[in-house]
Amino acid sequence: MEYRISENKIELLAEDGSTLAELDFPDYDRTGKTVEVVHTYVDERLRGQGVAGMLMEKLVRELRRTDRRAKLSCSYAMQWFERHREEGELLSDE
C-alpha cells in the first residue's frame, strides 16, 4: 500500500492501484489558499485501523507545506479537528 498526494486529494492505494482510502479537499476560493475538506472514505476492510486519521495527518502536513487553510464540510474532518485542537490554526476563518 502506498499513499499518493496530489494538489487536492490524498489516496491510499492497494498494490493493484485501486483506491482503499481517500480524502478530497478541492479549492474553496479563487486564491488557492483555502481548501474545503469535503470527503473522507476508507474501505470497509480497513475501517477501525486508524487509516482516516493517517489521511488527516497527511492533510495537516500538506496544508502546512503549501501554506493553505481548510474549511470543513466533512463530518469526520470536523470530529478530527475537534480532537486535535492544536491544529486549529490550519482552519479557515470563513
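Q: In which sense do β1 and β2 pair, and over how many bridges?
A: This is a predicted model. Strand β1 (residues 2–6) pairs with β2 in the antiparallel sense, over five bridges. Ile5 stands opposite Ile10 in β2. Two residues lie between β1 and β2, and the two strands form a hairpin.

Q: Which strand pairs with β2 over five bridges, besides β1?
A: Strand β3 (residues 19–24) pairs with β2, in the antiparallel sense. Lys9 stands opposite Asp24 in β3. β2 and β3 also form a hairpin, with five residues between them. In that turn, Gly17 has a positive phi of about 90 degrees.

Q: Why is β2 largely enclosed by the rest of the structure?
A: In a regular strand, side chains alternate between the two faces of the sheet. As for β2 (residues 9–13), four of its five residues are buried, so the strand is largely enclosed by the rest of the structure.

Q: How do I check the span of helix α1 against its 16 residues?
A: Take 1.5 Å times one less than the number of residues. Helix α1 (residues 51–66) should then span 22 Å. Its end C-alpha atoms are 23 Å apart, which agrees. Just after α1, Asp67 takes a positive phi of about 55 degrees.

Q: Which residues of α1 are buried?
A: An α-helix has 3.6 residues a turn, so residues three or four places apart point the same way. The buried residues in α1 are Val51, Ala52, Gly53, Leu55, Met56, Lys58, Leu59, Val60, Glu62 and Leu63.

Q: Which residues touch the most other members of the largest nonpolar core?
A: In soluble globular proteins, nonpolar side chains tend to be buried together. Here the largest nonpolar core has 25 residues, and Leu23, Phe25, Val37, Met56 and Leu59 touch the most other members. The elements that give two or more residues to this core are β2, β3, β4 (34–37), α1, β6 (69–72) and α2. α1 gives the most, with seven residues.

Q: What is Leu23 in contact with, leaving aside neighbours within four places in sequence?
A: Its contacts include Asn8, Lys9 and Ile10. Val37, His39 and Thr40 are also among them, as are Leu55, Met56 and Leu59.

Q: Is Ser92 buried or exposed?
A: Compare its relative accessible area with the cut-off: buried means under 20%. Ser92 is at 17%, so it is buried. Ser92 lies in the segment after α2 (75–83). Beyond its neighbours within four places in sequence, Ser92 is in contact with Thr34, Arg69, Ala70 and Lys71.

How values were computed:
Residues are numbered from 1 along each chain as its sequence is written. This is a predicted model: local features need pLDDT of at least 70, side-chain atom pairs count only at pLDDT 80 or more; totals for chains, interfaces and linings use all residues. Side-chain values use heavy atoms; hydrogens and water are left out. Buried means under 20% relative accessible area, exposed over 50%, partly exposed in between (1.4 Å probe, protein chains only). Contact means heavy atoms within 4.5 Å. Two strands pair if DSSP finds at least two bridges between them. A nonpolar core is a set of buried Ala, Val, Leu, Ile, Met, Phe, Trp, Tyr and Cys residues joined through side-chain atoms within 4.5 Å.
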